[in-house]
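Subject: Structure handover

Hello,

Here is the structure for your files. Notes on what was found in it follow below.

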Amino acid sequence: MAKIYYKTSYEQETQIDIRTWLCGLFKVCEMCENTDNSVHISHRNTAYINDSQNYASFCESCRKEDNEYYQELWNDYNSNIIAGLYG
Ligand SMILES: [Zn+2]
């Protein structure tokens with residue numbers, strides 16, 4: 001997918017999908033596709049090597065859902081690492 005340069009809140013430049021950028025501009029959620037004033041480009045609770053996948057334009061409830069989904073995966077991942085270290 002086409003990418004566009006985007007300046008993060010940490011003043012770093014990264015590339016995001018043009019879809020994410022347009023959805024942020026027009027306030028359309030990428031997940032539920034509703035138009036909502038809470039839609040904005042934000043960093044997800046992910047650590048993809050392809051950095052553009054770490055950004056999305058979600059409404060508040062989809063952002064929360066996405067964040068909680070990945071938090072559960074992180075918790076499993078972290079407890080597996082700890083179990084591997086001390087198991
Ligand atoms: Zn949504």
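pLDDT is the predictor's confidence in each residue, on a scale from 0 to 100. Helices (H or I, at least four residues) and strands (E, at least two) are DSSP runs, numbered from the N terminus. This is a predicted model: local features need pLDDT of at least 70, side-chain atom pairs count only at pLDDT 80 or more, and totals for chains, interfaces and linings use all residues. Residues are numbered from 1 along each chain as its sequence is written.

Confidence: the protein has a mean pLDDT of 95, with 99% of its residues at 70 or more. Among its elements, the mean is lowest for strand S1 (residues 3-7), at 94, and highest for strand S4 (residues 55-58), at 98.

Strands: S1 and strand S2 (residues 13-17) run antiparallel and are joined by 5 bridges; two strands pair if DSSP finds at least two bridges between them. Lys3 stands opposite Asp17 in S2. The hairpin of S1 and S2 has 5 residues between the strands, and Glu11 takes a positive phi near 65° there. Strand S3 (residues 40-43) and S4 are also antiparallel, with 4 bridges, and Ile41 stands opposite Ser57.

Burial: a residue is buried if 20 or more other C-beta atoms (placed from the backbone) lie within 10 Å of its own, exposed if 12 or fewer, and partly exposed in between. Both faces of S4 are covered, with Tyr55 and Ser57 buried on one side and Ala56 and Phe58 buried on the other. Ile18 is in helix H1 (residues 18-26). Ile18 counts as partly exposed because it has 13 C-beta neighbours inside 10 Å.

Regards
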